[in-house]
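Subject: Structure for your review

Dear colleague,

Please find below the structure that I am handing over to you. My notes on what was found in it follow directly after.

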Amino acid sequence: MVLLSSLALALSGCAVVDRLGGGRKSAPPPSDLATEFAPPVSVQPLGAAGYAPESLDKTSDAEKQAALAAPAAGGERQLGKAVVALGPPAETGLWVQTALVKAPVQGRVTAPNGKSLAVELRPTSGAALMSLSAYQALGVGLTELPEITIFAP
């Protein structure tokens, strides 16, 4: 009871001090509000200045056809399956980056549509990626994330 009385007196004393002007004063409102704005930005609709995938693909049709026609190497084994995403279009050639290999090696991949393609298998510690040329040679849509089967000697 004594504790509650002391607490009530202390709180009421704070109110008296605030009314007498001894309390903290609030900061004045800022007078220098932001008056500058960024200049307008001009934009173009998507695709207006874009590149067609074919213009970025530097692998010839003859190279793709040869890779599609390449027979399975004797003694190759299935390393596993991986869901691949489209790799950087600036990295040309027929390749797949996968954690299933520890060093670059020639191998082969098979797409869900049954097409098989000879590719360079490159090691990675991240997600599997496949080149733009390999996507196009296999007839896979560029926005798809196909599960491919990976083979190597």
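The largest nonpolar core has 21 residues, among which Val 96, Val 109, Leu 117, Leu 121 and Met 130 touch the most other members. A nonpolar core here is a set of buried Ala, Val, Leu, Ile, Met, Phe, Trp, Tyr and Cys residues joined through side-chain atoms within 4.5 Å. Buried means under 20% relative accessible area, exposed over 50%, and partly exposed in between, with a 1.4 Å probe and protein chains only. Two or more residues of this core come from each of β1 (77–86), β4 (116–123), β5 (128–130), α4 (132–138) and β6 (147–152). The element that gives the most is α4, with four residues.

Please note that this is a predicted model, in which local features need pLDDT of at least 70 and side-chain atom pairs count only at pLDDT 80 or more, while totals for chains, interfaces and linings use all residues. Residues are numbered from 1 along each chain as its sequence is written, and side-chain values use heavy atoms, with hydrogens and water left out.

As to the overall layout, the chain has four helices and six strands, in the order α-α-α-β-β-β-β-β-α-β from the N terminus on. Helices (H or I, at least four residues) and strands (E, at least two) are DSSP runs, numbered from the N terminus.

How do the strands pair? Two strands count as paired if DSSP finds at least two bridges between them. Strand β3 (residues 105–110) runs antiparallel to β4 and is joined to it by six bridges; Gln 106, for instance, has Glu 120 in β4 as its bridge partner. These two strands form a hairpin with five residues between them, and Gly 114 in the turn has a positive phi of about 95°. Strand β3 is also joined to β6 by three bridges, again antiparallel.

Arg 108 stands opposite Phe 151 in β6. The charged end of Arg 108 sits over the ring of Phe 151, 4.2 Å from its centre; this requires NZ of Lys or CZ of Arg within 6 Å of the ring centre and within 35 degrees of the ring normal.

Finally, of the 153 residues of the chain, 25% count as buried. Among contacts with a separation of 6 or more, 72% join residues 24 or more positions apart.

Technical notes:
Contact = heavy atoms within 4.5 Å.
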